[in-house]
Amino acid sequence: MSPRGAWRAADSADGNGVLTGVRVLDLSRVLAGPFCAQTLADHGAEVIKVEAPSGDETRGWGPPFVDDGASSAYYDSLNHSKENVCLDLRTEQGRAILADLIAGADVLIENFKAGTMARWGFDFETVLADRHPHLVYCRITGFGVDGPMGGLPGYDAVLQSFGGLMSINGYPDGSPLRVGVPIVDIVAANMAVSGILLALLARERSGRGQLVDMTLLDSVVSILHPHAANWIAGGGIPQRTGDFHPTVVPYQVFPARDGDFFVSAANDRQFRSLVETLGVAHLADDPRFASNRDRSAHREVLAAALGERIAEYDRVDLAARLESAGVPASSVNTIDEALTSPQVRHRGLFIDTDDYRGVGVPISLSSSSHRTPRPAAARGAHTTEVLEAMGYDPEQLARLRAAGVFGDPGQEG
């Protein structure tokens, strides 16, 4: 079986995106890897997710559940637009099928425990790089595979804690807080996408793939701005500031008449426009607030004065007034308010059709379209279809199915 003929012909439908024809094998589970692969699928890549018979554990991370309880909203939002093959990689037959899938892949994404792929005979450096020189291999781990913490498992909240992010999130008089989304995993996914695309570009020039070595630790350290820069330059240990910005004033949440409202005045012009709009124009000429340095030194006094005025406005009215004045500001929207806002709808960031209901594709290119998302597939939904296209005959499939390579007989899709 030739390396480039192991899969069926890659999807070549017009209008799917710039990655049409790129084959991605998604061996990952939970968040960072699946989200990375889904992003590639959004832009045209043919993505086959290989799922264990036990299933990606996020299928059970609910409520809410979808498809009559077969899966969770959590899982579906990370695995749309993929095909799904169920394989028990603990079996020799399952690993043989995996070898065929790898032979036809342009990109492989995995986040197994360090050493797992090597134990199965698929180590990149010593096996796959020579066997499949075109392959771009993306490994996502918590801390990496070497060094003092190499091989340790990584979890989003653990990395938020270890990497310093949790120490700067929350209010000064409260406990450190986890960011309300799995931000470390999400950033790692997006960085992995960037790494894969860089490696594919390098392959165009050299003809060879390479390892994209992504860790959650890399991810969290990369997003510590400006706190890391402030410590490097000044030596002071950054502290929690709640909704305040550590260096810009005012830049915080205030209570409006009908809910929470965020205001930013990042320069002197914006500050003057803000206080003029609020009817306290004299504050712009107060020497205590003349510059951002002065405003930082008198943060609490200024916040109290602005808060009194903001509390007299409804959020929508004040947002419109400040928008006209060129001052960045917004209601603190709930998730439903954000997703159903006219601008989010206009940008195609929330899709609600008979075929798909979910978040849209966030990357827009002027000359290239992207794939319209399709719902996440059931575990093993495409096992037979994919393997038949790879040349497995009905008798082979029946034997593999009976042996449990596709999961419990009768449950495989």
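This tour visits aromatic pairs, charges placed over rings, and salt bridges, in that order.

The model is predicted, so local features require a pLDDT of at least 70 and side-chain atom pairs count only at pLDDT 80 or more, while totals for chains, interfaces and linings use all residues. Residues are numbered from 1 along each chain as its sequence is written, and side-chain values use heavy atoms, with hydrogens and water left out.

**Aromatic pairs**

A pair of aromatic rings is described by the distance of the centres and the angle of the planes. Rings of Phe, Tyr and Trp (its six-membered ring) pair if their centres lie within 6.5 Å; planes under 30 degrees apart count as stacked, over 60 as edge-to-face and the rest as tilted. The search of the whole structure returns 5 aromatic pairs.

Select Trp-61 and Tyr-74: their rings form an edge-to-face pair, with 5.0 Å from centre to centre and 70° between the planes. This pair links distant parts of the chain, 13 residues apart: Trp-61 belongs to the loop between β2 (46-51) and β3 (65-66), and Tyr-74 to helix α2 (residues 73-76). Helices (H or I, at least four residues) and strands (E, at least two) are DSSP runs, numbered from the N terminus.

Next, colour by accessibility, where buried means under 20% relative accessible area, exposed over 50%, and partly exposed in between (1.4 Å probe, protein chains only). Trp-61 is partly exposed, with a relative accessible area of 41%, and Tyr-74 is partly exposed at 28%.

Move to Tyr-251 and Phe-262, whose ring centres are 5.1 Å apart with the planes at 85°, so this pair is edge-to-face. Here, too, distant parts of the chain are linked: Tyr-251 is in strand β9 (residues 251-256) and Phe-262 in strand β10 (residues 259-264), 11 residues apart. Tyr-251 counts as partly exposed at 29% relative accessibility, as does Phe-262 at 22%.

**Charges over rings**

A charge sits over a ring if NZ of Lys or CZ of Arg is within 6 Å of the ring centre and within 35 degrees of the ring normal. Select Arg-59 and Tyr-75: Arg-59 lies over the face of Tyr-75, at 3.9 Å from the ring centre. Then select Phe-271, where the charged end of Arg-295 sits over the ring, 4.5 Å from its centre.

**Salt bridges**

Asp-268 lies in helix α10 (residues 268-277) and Arg-295 in helix α11 (residues 292-297), so the bridge ties together parts that are 27 residues apart in sequence. Arg-295 is buried at 0% relative accessibility, whereas Asp-268 is partly exposed at 40%.

Across the whole structure, the search finds 17 salt bridges. Another joins the side chains of Arg-139 and Asp-213 (3.5 Å, N to O). Because Arg-139 lies in strand β7 (residues 136-141) and Asp-213 in strand β8 (residues 211-215), this pair ties together parts that are 74 residues apart in sequence. Arg-139 is buried, with a relative accessible area of 11%; Asp-213 is partly exposed at 40%.

Go on to Asp-352 and Arg-357, whose side chains meet in a salt bridge of 3.2 Å, N to O. Asp-352 is partly exposed at 39% relative accessible area, and Arg-357 is exposed at 62%.

How values were computed:
A salt bridge is a side-chain nitrogen of Lys or Arg within 4 Å of a carboxyl oxygen of Asp or Glu.
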